[in-house]
Amino acid sequence: AGEAARYGVQSMEIIKSIRKEFLQIDTFKALFFTLTSGGLLIAYAFKKIKSVPTYILLGFLVAVELFGVTNRAYKNMPLGNPATLERREFRQSDISRFLGQQSINARAFALGQDSNHYSYFYPTISGYSAIKLQTIQDLREHCFYVNNGLNWNIINMLGGRYIISPGRLNEPFLQGIASDEARKEILYINSNALPKAWFVNKSKSFPAFKDMLLYMNTLYFNPAEEVLLLDEPENNTTRYSAEGTIQILENTPNTIRYAVQTDKSQFVVFSEMYYPEGWTLTKDGEEIKIIQSNYALRGAEIPAGNYTLTMDFHPSSYYTGMKIVWIGDILMIFFIAGSLIITYRRKIFTKKND
């Protein structure tokens, strides 16, 4: 139904015929490989063919099928020539060139797009991923757009410093700096975007995330000054001075380091998605609790002093799984070696008896 709404009748007929042709070709190929390999296995089961020729022929069929699939993909995607692929799929423009020269400690937001085009050049808020967290999806569905307009508080707290729009925007905090005539887009700098981490003046508690999201869609929400937490009792407020500095020193996918300087304990909000499975925050080796903040972000209460905060991603499930895989591989090698030794000894024993 979605395709029928986007394409005309003639286009839909062409699309259907192409899909039908692909289906027929792939079905015949599947039947050929299934019948051929099945015939080989049946012949082997009835001892019409020996094991070594069976393995060789099966391996040949697998190789032919893999080559066919790879060759089809290679013809459609010039993976052997990255420059050609980039020119075709990710054509450079004044906007992408500008983004590519910026620090990665901010994000871009392409209005009204689920395209991942700009994600190739720069970290983005927009774009599509089938494995995104539910918290991100909830923000997209309920908080990005309010009353037929952008919820700039949400864009600011997510670090949306670069705004890509299909038309002109007249907000006073936006400055146009580049454009793409082919895609008919304009790039703006958002001066109100918040950094990767900042101190807040107060925390405000909510009994449920639903209430928190509703508050985030109001004009009262100011992410630069307050952090929203899930806690009882409702509307409980804690004050902080927000004095001092926190600056990012290192930003990699698995490790983020911050330099902290403050004379009093503070609450810091990190413009990073909250994900409790594996992320840890430490100060001089001492772990600090990461708190779910503003529904989707990370936050923490930190002590006074001059020190370095380190946020590491070290999921125990991954490393436990890797250990299990290694143990399984070692056991498999032992089983194979043991079976070969047993087979060899049997042959030696049989020859001696003969």
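These entries record what I looked up on aromatic side chains in a predicted model.

I number residues from 1 along each chain as its sequence is written. In this predicted model, local features need pLDDT of at least 70 and side-chain atom pairs pLDDT 80 or more, while totals for chains, interfaces and linings use all residues; side-chain values use heavy atoms, without hydrogens and water.

**Aromatic pairs.** I searched the whole structure and found 16 aromatic pairs (ring centres of Phe, Tyr or the six-membered ring of Trp within 6.5 Å; planes under 30 degrees apart are stacked, over 60 edge-to-face, the rest tilted). Phe90 and Tyr120 are stacked, at 3.9 Å centre to centre and 10° between the planes. I place Phe90 in the loop between helix 4 (82-89) and helix 5 (94-100), and Tyr120 in the loop between strand 1 (107-110) and helix 6 (134-142), so the pair ties together parts 30 residues apart in sequence (helices, H or I, of at least four residues and strands, E, of at least two are DSSP runs, numbered from the N terminus). Phe90 is partly exposed at 22% relative accessible area, and Tyr120 is partly exposed at 43% (buried is under 20%, exposed over 50%, partly exposed in between; 1.4 Å probe, protein chains only). I also note that Phe90, Tyr120 and Phe121 form one aromatic cluster.

**Charges over rings.** I find Lys283 over the face of Tyr307, 4.9 Å from the ring centre (NZ of Lys or CZ of Arg within 6 Å of the centre and within 35 degrees of the ring normal). Arg298 lies over the face of Trp279, at 4.2 Å from the ring centre.
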